[in-house]
Amino acid sequence: MKALVLNAENKTASVQEIPKLQPGPGEALIRVAAIGLNPVDALYTFHPLGATGRTVGSDFAGVVVEVAPDIAKDVHPGQRVAGFLQGACSANERPGAFAEFVVCPADLLWRVPDHMSLAHASAISLCALTAAQALFYRLGLPAPFDYPSSSSQQASNTNQSKDEITVFIYGASASVGLYAAQLVRRSSEATGTRIRLIGAASTARFPLLRAAPYSHDALVDYRDPAWPARVRALSVGGKGIDYALDCISEGTTVQTVCGTLNPTSGRMAVVRSRAARAWSVDGELSTEPIYGAVWEGLGVDVQYHHGIVVPASEGARKFAGAFYRWLESGNGGEAKVLAAPVRVMPGGLEKVVPDGFAVLGGGPVRERGSVQDRTEAWMAPISAEKLVYEIEGGE
Ligand SMILES: NC(=O)c1ccc[n+]([C@@H]2O[C@H](COP(=O)([O-])OP(=O)(O)OC[C@H]3O[C@@H](n4cnc5c(N)ncnc54)[C@H](OP(=O)(O)O)[C@@H]3O)[C@@H](O)[C@H]2O)c1
């Protein structure tokens, strides 16, 4: 089968023929119809952690073609599914998604509703789980589904008051932010807690973010230096933010978002680790931001450079399974969240590196710009959009 394979020495990846995979116990073999690109896929191709030969890529959607005997009652050939793998985004040896076929543990797949294209479905799994982990699993906002949680999480969840609370999403037009807003709305509906949702994005994205399914109550322009004071003033009672998610977590964003929190009880989650030096701390932060890697949902340990290891977590794996069961459980086969807008890129696997990864770049999200000498419409900078490639013969 064809796969996009990492060349660590040359800091690139190319399409190569590799042996087709076989599903192991608990796994399904899926013919991939579409892949969604995440910043980490490009980052760890241009700055490799993994060894040459690893298949690159995380998000996929496709059709089940074979299942291991032990899961034959749950998953069937012909089912349209989506999920994510780790690709070449760690030092560990792990499978990737940018290939004609993938194998994935069946409990980490979710069934794609009939009305949703596989291109749209391929944009959801990783970023929606990232948002769900941050809001529910790490910050303790009540989840709209049950999951096995630690006693401290349960205490945090049951201590919620029914008074109105304020949630702030910095980077609301980023892919993670688009799913976070939808999950905040589902939390509010499920628990009855009134939530004032504030987002920070560019003004061009305000109309999208005000509308369903994101439904922000208030928006601030992150390029306006006065935005932190505006966010504090917009919070319920002017008391500051109860839950904040910084979907950028670069440069000074972490310190600035932290400054919007309710000083006694506000909590915040970040998407980049301090250890990865994506953000720095000059002086004290009032609250320690909570970081986690979405890969924890795979239930494996994740090795980064310099010996940093995010340990395997059984709880995170169970949370991921519970989240995907909930996601696919809407009435009439609807998914519980809608896919964020996608940009279907031309050219298939061969064009992922020269086009898709060129748009994403290997540097900070905030420093992305136009790709030099590329004027095609599909090479424009990303704003509230996920880059997706369709794989020939996938559906
Ligand atoms: N911890 C994890 O497991 C995990 C998982 C997923 C993603 N991530 C990380 O999360 C980050 C976001 O990923 P993504 O896929 O959501 O990104 P993305 O969709 O590619 O981000 C693009 C968006 O970023 C916004 N943006 C750029 N600079 C900004 C700034 N200074 N302030 C506020 N917004 C800014 C842009 O907003 P405008 O167009 O409105 O200007 C644009 O809509 C990446 O660093 C990614 O690696 C971490």
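**Exercise 1. State which domains the chain is given, and describe how they are placed relative to each other.**

Step 1. The assignment, automatic or from a database, divides the chain into domain 1 (2-124 + 339-390) and domain 2 (127-309). The model is a predicted one, in which local features need pLDDT of at least 70 and side-chain atom pairs count only at pLDDT 80 or more, while totals for chains, interfaces and linings use all residues. Residues are numbered from 1 along each chain as its sequence is written, and side-chain values use heavy atoms, with hydrogens and water left out.

Step 2. Taken over C-alpha atoms, the centres of domain 1 and domain 2 are 26 Å apart.

Step 3. Contact (heavy atoms within 4.5 Å) links 26 residues of domain 1 with 24 residues of domain 2.

**Exercise 2. Locate the ligand and characterise the shell around the ligand.**

Step 1. Both domain 1 and domain 2 give residues to the shell, so the ligand lies between them.

Step 2. The ligand has 29 residues around it, of which Y170, S202, Y222, V294 and S383 come nearest; a residue counts as near if one of its heavy atoms lies within 4 Å.

Step 3. By class, the shell holds 17 nonpolar, 7 polar and 5 charged residues. Here Ala, Val, Leu, Ile, Met, Phe, Trp, Tyr, Cys and Pro are nonpolar, Asp, Glu, Lys and Arg are charged, and the others, Gly among them, are polar.

Step 4. Helices (DSSP runs of H or I, at least four residues, numbered from the N terminus) that each supply at least two shell residues include α1 (39-46), α3 (125-138) and α5 (175-191). The most comes from α3, with 3 residues.

Step 5. Polar contacts are pairs of N or O atoms within 3.5 Å. Oxygen atoms of the ligand lie 2.5 Å from an N or O atom in the side chain of Y222 and 2.7 Å from one in the side chain of S173. A ligand nitrogen is 3.0 Å from a polar backbone atom of G292.

Step 6. Alone, the ligand exposes 940 Å² (Shrake-Rupley method, 1.4 Å probe), and the protein buries 92% of that area.

**Exercise 3. Is S125 buried or exposed, and what does the side chain of S125 contact?**

Step 1. S125 is found in helix α3. Its relative accessible area is 0%, and buried means under 20% (1.4 Å probe, protein chains only), so S125 is buried.

Step 2. The S125 side chain makes a polar contact of 2.9 Å with the side chain of W110. A polar atom of the S125 side chain also lies 3.3 Å from the backbone nitrogen of G83.

Note on methods. A polar contact is a pair of N or O atoms within 3.5 Å; within protein, one must be able to donate a hydrogen and the other to accept it, and residues adjacent in sequence count only if both atoms are side-chain atoms. Buried means under 20% relative accessible area, exposed over 50%, partly exposed in between (1.4 Å probe, protein chains only).
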